[in-house]
Amino acid sequence: MAKCIFILQYKDAYQGILDGVKSGAKEKRLAAQFIPKFFKHFPELADSAINAQLDLCEDEDLSIRRQAIKELPQFATGENLPRVADILTQLLQTDDSAEFNLVNNALICIFKIDAKGTLGGLFTQIIQGEDIVRERAIKFLSTKLKVVPEEVMTKEVEEYIFVESKKVLDDVTGEEFVLFMKILSSLKNLQTVSGRQQLVELVAEQADLEQVFNPADPDSVDRLLQCTRQAVPLFSKNVHSTRFVTYFCEQVLPNLSSLTSPVEGLDIQLEVLKLLGEMTPFCGDMEKLESNLKQLFEKLLEYMPLPPEEAENGENAGNEEPKLQFSYVECLLFGFHQLGKKLPDFLTAKLNADRLKDFKIRLQYFARGLQVYIRQLRLALQGKTGEALKTEENKIKVVALKITNNINVLIKDLFHNPPSYKSTVTLSWKPVQKAEVGQKRMAEENTSSPPKKQSPAQKRDTRQIYNPPSGKYSSNLGNFSYEQRGGFRGGRGRGWGGRGNRSRGRLY
């Protein structure tokens, strides 16, 4: 009864406060504070009160705007909360840093009140809003969800994020896809084996693994590369890479030489082979194992030449020694070593005796050139420690030594009779895991947490090549790039279901 009397007595006064938004600066500042303060007492004026506060959020006076935005969470009650979340999301487009921080803080505040309601407003703008609003809403989710208290991020909330994210992924650019993978990978519910499997399936859908691969289309190449990079950290002994490895063997390897690089200066063939190498340890049962292994083997032979024929005087009949591409061979030989253990008969069956004989000749010849480079690299690095090893030239030599040592280990394994697949190496561009005391060093196990990526805006490092001394077996020991993998390049509208600009007025 007392409340009813209060409402009847002061309704006109509250209406006067609402009308104050059309007055001078002093009245507006007072209105920005008092409209939210008494909002709950006048439910029949709720729409008018929210609209009045929104007018203040768009005022020309910066201090008035900031005050109005700061008080917006007080309107986030009941059915009003999704609308307030929608409004705050649109306000993310501000260029004023202090105002932007206020909007962020307000969103976090109402997130703690009702996570799903707030997410509803955010996802509405991500799907329907202006490009700048969409971009900043996605970045808000990718950076702020990790600071939300655990009791707020319930299983139900995480499932809601996953469902809504899948809707958004129907129409995303590459950069947006990377951000959503960061968001989803951080969810506790998706860090389990089954959760990571769901993420792998999500990435596979984005990669269009059911479609015929077009090596001449830079967007198709870019999509496959970037999707695979997002999938690689998710693979493990329980989450298999079979679909991706199969696609690479059947669709990509046969077209390796005709790939169109989406980035100038990128060794696209090496990038593809690195990804294939990283995936092969986690490949499960493959339906067409023999034919896929053959594709991989034949591509490996292209980079493992036969010894040059000798003329009658004992000199090489040709003018040049074959060039040995160590970086390519490391990836391909490692991949063959991983998949080959699943089908030992590929080399040892009687029917394949000529294949094994030819392969061993190539291995032996490659090993001879390999030993030359290993000696040269060890000599170049001998006695160098600390700061001396941090120069760019020596960093490249260290990587080169890792590559050649890896190949050497794998060749020794395959040169056994019958070929062996027991040795374990860590790919040259991967960090070496420390083995626990008393335990053997195990093959790397990827975790569900994605590795830190360079910002898409950052330029790729300049590729530096180590050129060995000239002489027998000399070639570009190069392709030892010290390159960090980056994110997607470019803005929206390029490939990946480009979104057109929307001309929209105020939606709230």
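Valine 398 is partly exposed in this predicted model, with a relative accessible area of 28%. The residue belongs to helix H19, which spans residues 392-414. Elsewhere, the count of salt bridges comes to 20, while a search of the whole structure finds 0 disulfides.

**Surroundings of valine 398**

- Leaving aside residues up to four places away in sequence, valine 398 touches Leu381 and Leu389.
- Between valine 398 and serine 428 the C-alpha to C-alpha separation is 9.4 Å in space, and the two residues stand 30 residues apart in sequence.

- Side chains of opposite charge can pair when their charged atoms come close.
- Aspartate 47 and arginine 83 form one of the salt bridges, with their closest N and O atoms 3.6 Å apart. Aspartate 47 sits in helix H3 (residues 46-57) and arginine 83 in helix H5 (residues 81-90), so this pair ties together parts of the chain that are 36 residues apart in sequence.
- Arginine 83 has a relative accessibility of 26% and therefore counts as partly exposed.
- A salt bridge also joins the side chains of arginine 65 and glutamate 99, at 3.0 Å from N to O. This pair links distant parts of the chain, 34 residues apart: arginine 65 is in helix H4 (residues 62-71) and glutamate 99 is in helix H6 (residues 97-113).
- Arginine 65 and glutamate 99 are both buried.
- Lysine 116 forms a salt bridge with glutamate 156, and the closest N and O atoms of this pair are 3.3 Å apart. Because lysine 116 lies in helix H7 (residues 115-128) and glutamate 156 in helix H9 (residues 155-168), the pair ties together parts that are 40 residues apart in sequence.
- The relative accessible area of lysine 116 is 32%, so lysine 116 is partly exposed.

**Cysteines**

- The search for disulfides covers the whole structure and returns 0.
- Cysteine 249 is in no disulfide. The nearest cysteine sulfur belongs to cysteine 283 and is 7.7 Å away, whereas a disulfide requires sulfur atoms within 2.5 Å.
- With a relative accessibility of 0%, cysteine 249 counts as buried.
- Cysteine 109 is partly exposed, its relative accessible area being 36%.

Terms used:
Residues numbered from 1 in each chain as written. Predicted model: local features only at pLDDT ≥ 70, side-chain atom pairs only at ≥ 80, totals over all residues. Heavy atoms only, no water. Salt bridge = Lys/Arg side-chain N within 4 Å of Asp/Glu carboxyl O. Helix = DSSP H or I, 4+ residues; strand = E, 2+ residues; numbered from the N terminus. Buried < 20%, exposed > 50% of the residue type's maximum accessible area, 1.4 Å probe, protein only. Contact = heavy atoms within 4.5 Å.
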